[in-house]
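Me: I am new to this structure. Could we go through it together, one topic at a time?
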Amino acid sequence: MTVQEQRYDGVKGMQAQMGNKKVITEGKELEDLKKQTVVFEQLNYTNTGYKLELKGIESVEGNNCYKVIVTDPAGTTTTEYYDVKSSYLVRSVKSQAGQGGESVSITTDFKDYKDAGGILMPYTTTIIGAM
């Protein structure tokens, strides 16, 4: 049995978890699935509707990082941290509605970047927070 599965075919989405399957044809859930289909979401940032705001430099695990607030066309904000020396994305923080409708913060750390066929990819990803 599949524990969790998500699919998007360009028109509709599907989510399955622990044997429960749900087809998604419209709304915020479908928009969220569309965003997840892009390997590098940052490539969308030049599209109309995205807003980027540099908020300064902060330390992330002892390294100076540019703090960038990204607002997508739907108004969802994510805070991204880029290492000043390497320019790599090292952390992403976003909030989403958790159980009971309360806001839950999800922090994703990206480490151990290696060459994967000419593309630098993080080989270690750590997610902290409820999903």
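Reply: A salt bridge joins the side chains of Glu 53 and Lys 55 at 3.2 Å, N to O; the term denotes a side-chain nitrogen of Lys or Arg within 4 Å of a carboxyl oxygen of Asp or Glu. This is a predicted model, in which local features need pLDDT of at least 70 and side-chain atom pairs count only at pLDDT 80 or more, whereas totals for chains, interfaces and linings use all residues. Residues are numbered from 1 along each chain as its sequence is written, and side-chain values use heavy atoms, with hydrogens and water left out.

Me: How exposed is Glu 53?
Reply: Glu 53 is partly exposed, at 32% relative accessibility; buried means under 20% relative accessible area, exposed over 50%, and partly exposed in between, with a 1.4 Å probe and protein chains only. Lys 55 counts as partly exposed as well, at 48%.

Me: Which residues do salt bridges join into one network?
Reply: Glu 61, Arg 91, Asp 109 and Lys 111 form that network through salt bridges that share partners.

Me: How many salt bridges does the structure hold?
Reply: There are 7. Among them is the one between Lys 12 and Asp 9, at 3.2 Å, N to O.

Me: Changing topic, in what order do the strands of the open sheet lie?
Reply: The order is β1-β2-β3, with antiparallel pairing. Strands are DSSP runs (E, at least two residues), numbered from the N terminus, and two of them pair if DSSP finds at least two bridges between them. The edge strands are β1 (4-8) and β3 (20-24).

Me: Which residue in β3 is the bridge partner of Met 14?
Reply: That partner is Val 23.

How values were computed:
Helices (H or I, at least four residues) and strands (E, at least two) are DSSP runs, numbered from the N terminus.
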